[in-house]
Amino acid sequence: MQDNLPELRDIHLPDGVSPFPLAWEWWLVLAGIVLLFLLTQFILYLRRYSKARYALKLLEEISADNVVMAAKQMSEILRRICVFKYKEAAVLLGQDWIVFLNQKSKKKLNSKAAELLINAPYIPEESQTYSLQDLEDLREFCKKWIGENL
């Protein structure tokens with residue numbers, strides 16, 4: 001009888017199946033998820049940017065011929081933004097409205113421009129109480145406020 005033992009070898013199990021490298025289908029699914037995320041972020045960015053751009057365009061179109069009428073229109077723009085973003089502020093009046101606007105902005109509204117914003121809906125359009133400089137101060141405040149809050 002011959003000795004067959006030297007020819008015997010241990011049984012080796014094959015290596016386990018590795019999850020990597022992934023099949024190309026999985027790379028396609030992963031790329032689709034990343035692309036969907038980036039597209040969503042881009043659309044959200046465009047929506048935010050377009051609202052601010054639209055509000056600034058409306059602000060620029062306001063004529064400075066009539067100070068009181070222009071202040072009313074600026075107040076309307078600020079109110080429309082508040083209806084969209086800060087629902088609790090849409091009902092504020094007077095000094096509470098100015099305090100709210102100053103809380104949401106780094107640049108504070110000076111006293112004369114603040115009075116113009118508060119009183120504009122209630123004074124006659126032909127009134128000469130406020131100057132063009134007050135209106136320009138209010139316009140600059142509105143630009144900063146829109147840029148910070150939209």
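The largest pocket in this predicted model has a volume of about 160 Å³. A pocket here is an open set of points on a 1 Å grid over the protein atoms alone, where a 1.4 Å probe fits, with protein on both sides within 12 Å along at least five of seven lines. Its volume is the space filled by probe spheres set on the points. As a predicted model, it has local features only at pLDDT of at least 70 and side-chain atom pairs only at pLDDT 80 or more, while totals for chains, interfaces and linings use all residues. Residues are numbered from 1 along each chain as its sequence is written, and side-chain values use heavy atoms, without hydrogens and water.

**Pocket lining**
- Lys51, Tyr54, Ala55, Leu58, Ile77, Arg80, Ile81, Phe84 and Leu150 line the largest pocket; lining residues have an atom within 4 Å of a point.
- Seven of the lining residues are nonpolar, none polar and two charged (nonpolar: Ala, Val, Leu, Ile, Met, Phe, Trp, Tyr, Cys and Pro; charged: Asp, Glu, Lys and Arg; polar: the others, Gly among them).
- At least two lining residues come from each of helix 1 and helix 2 (helices are DSSP runs of H or I, at least four residues, numbered from the N terminus).

**Helix 1 and helix 2**
- The axes of helix 1 (residues 24–61) and helix 2 (residues 67–85) come within 10 Å and cross at roughly 165°; axes are lines fitted to C-alpha atoms over the stretch in contact, and angles run from 0 to 180 degrees between N-to-C directions.
- The two helices are therefore roughly antiparallel (over 145 degrees).
- Lys51, Tyr54, Ala55, Leu58 and Leu59 of helix 1 meet Met74, Ile77, Arg80, Ile81 and Phe84 of helix 2, where contact means heavy atoms within 4.5 Å.
- This contact has eight nonpolar, no polar and two charged residues.

**Helix 1 and helix 5**
- Helix 1 also packs with helix 5, at an angle of about 175° and with the axes 10 Å apart.
- Helix 1 is therefore roughly antiparallel to helix 5.
- Ala52, Ala55, Leu56, Leu59 and Glu60 of helix 1 make the contact with Arg139, Cys142, Lys143 and Ile146 of helix 5.
- Six of these residues are nonpolar, none polar and three charged.

**Helix 4 and helix 5**
- Helix 4 (residues 111–119) packs with helix 5 (residues 132–149) at about 85°, with their axes 9 Å apart.
- Helix 4 is therefore roughly perpendicular to helix 5 (65 to 115 degrees).
- Lys112, Ala113, Leu116 and Leu117 of helix 4 contact Asp134, Leu135, Asp137 and Leu138 of helix 5.
- The classes here are five nonpolar, no polar and three charged.

Conventions: Parallel < 35°, antiparallel > 145°, perpendicular 65-115°, else oblique.
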